Amino acid sequence: GTTLKDVYEARIVMEPAAARLLAEDGTAADRKQLAAALEQVRETIEDPLAFGRMTTTFHQGVVALSGNKTLTTVVGMLTEIINRHIERTFTETTRPPEEIVADNRRALRSYEKLVTLVNARDGDGAEKHWAEHMRAVRQYLLPGADTRVVDLLY
């Protein structure tokens, strides 16, 4: 009976906390990896499906770089569900490509802000920003939030 909304709500609890950990405890190497992940997202801005996949990779990277192995494991499992949902969303969309790319640019600006906050070692700011980002994106990604996870997996 788990829905996409349930999965996304769990991510909204975990990922901002991971962003805080990364900002406060991350190493210079971690920050460099986050910046590299941002560049990978930027390179896919014009391709909605590739962009969607790279955004989940970026989100998963934020958690992995936080250093918390339990959060990384749990978010890794949830990422498979989200990837399938994103693929379905972008392959079935009727929205014009230029509208999708405009949304991608807004998402990219949010990722850039997170990287700036992490580089400034602003844990509170990173956590708050990432929570706001995820709440805003939830409305975009989950119009059918009552979709059961099993429907995506089989």
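**Salt bridges and helix packing**

With a relative accessibility of 38%, Arg-105 counts as partly exposed in this predicted model. Its salt-bridge partner is Glu-46, with the closest N and O atoms 2.7 Å apart. This pair links distant parts of the chain, since Glu-46 sits in the loop between α2 and α3 while Arg-105 belongs to helix α5 (residues 97-119), 59 residues apart. Glu-46 itself is exposed, at 54% relative accessible area.

The search of the whole structure turns up 14 salt bridges. Another one joins the side chains of Arg-20 and Glu-127, at 2.5 Å from N to O. Arg-20 is in helix α1 and Glu-127 in helix α6 (residues 123-141), so this bridge ties together parts 107 residues apart in sequence. Then there is Arg-53 with Glu-87, at 3.2 Å from N to O. Here the tie runs between helix α3, which holds Arg-53, and helix α4 (residues 69-92), which holds Glu-87, so parts 34 residues apart are brought together. Salt bridges with shared partners also join Arg-20, Glu-24, Asp-124, Glu-127 and Lys-128 into one network.

As for how the helices pack, the axes of α2 (residues 28-43) and α3 come within 9 Å and cross at roughly 170 degrees. That makes the two roughly antiparallel. Residues making this contact include Leu-34, Ala-37 and Leu-38 of α2 and Phe-51, Met-54 and Phe-58 of α3. By type, the contact residues split into 9 nonpolar, 3 polar and 1 charged.

Helix α1 (residues 4-25) meets α3 (residues 48-65) with axes within 8 Å, crossing at roughly 55 degrees. The two are therefore oblique to each other, and the crossing is left-handed.

Technical notes. Residues numbered from 1 in each chain as written. Predicted model: local features only at pLDDT ≥ 70, side-chain atom pairs only at ≥ 80, totals over all residues. Heavy atoms only, no water. Axes fitted to C-alpha atoms, helices over the stretch in contact; angles between N-to-C directions. Helix = DSSP H or I, 4+ residues; strand = E, 2+ residues; numbered from the N terminus. Parallel < 35°, antiparallel > 145°, perpendicular 65-115°, else oblique. Left-handed = near helix turned anticlockwise from the far one by under 90°. Contact = heavy atoms within 4.5 Å. Nonpolar A, V, L, I, M, F, W, Y, C, P; charged D, E, K, R; others polar. Salt bridge = Lys/Arg side-chain N within 4 Å of Asp/Glu carboxyl O. Buried < 20%, exposed > 50% of the residue type's maximum accessible area, 1.4 Å probe, protein only.
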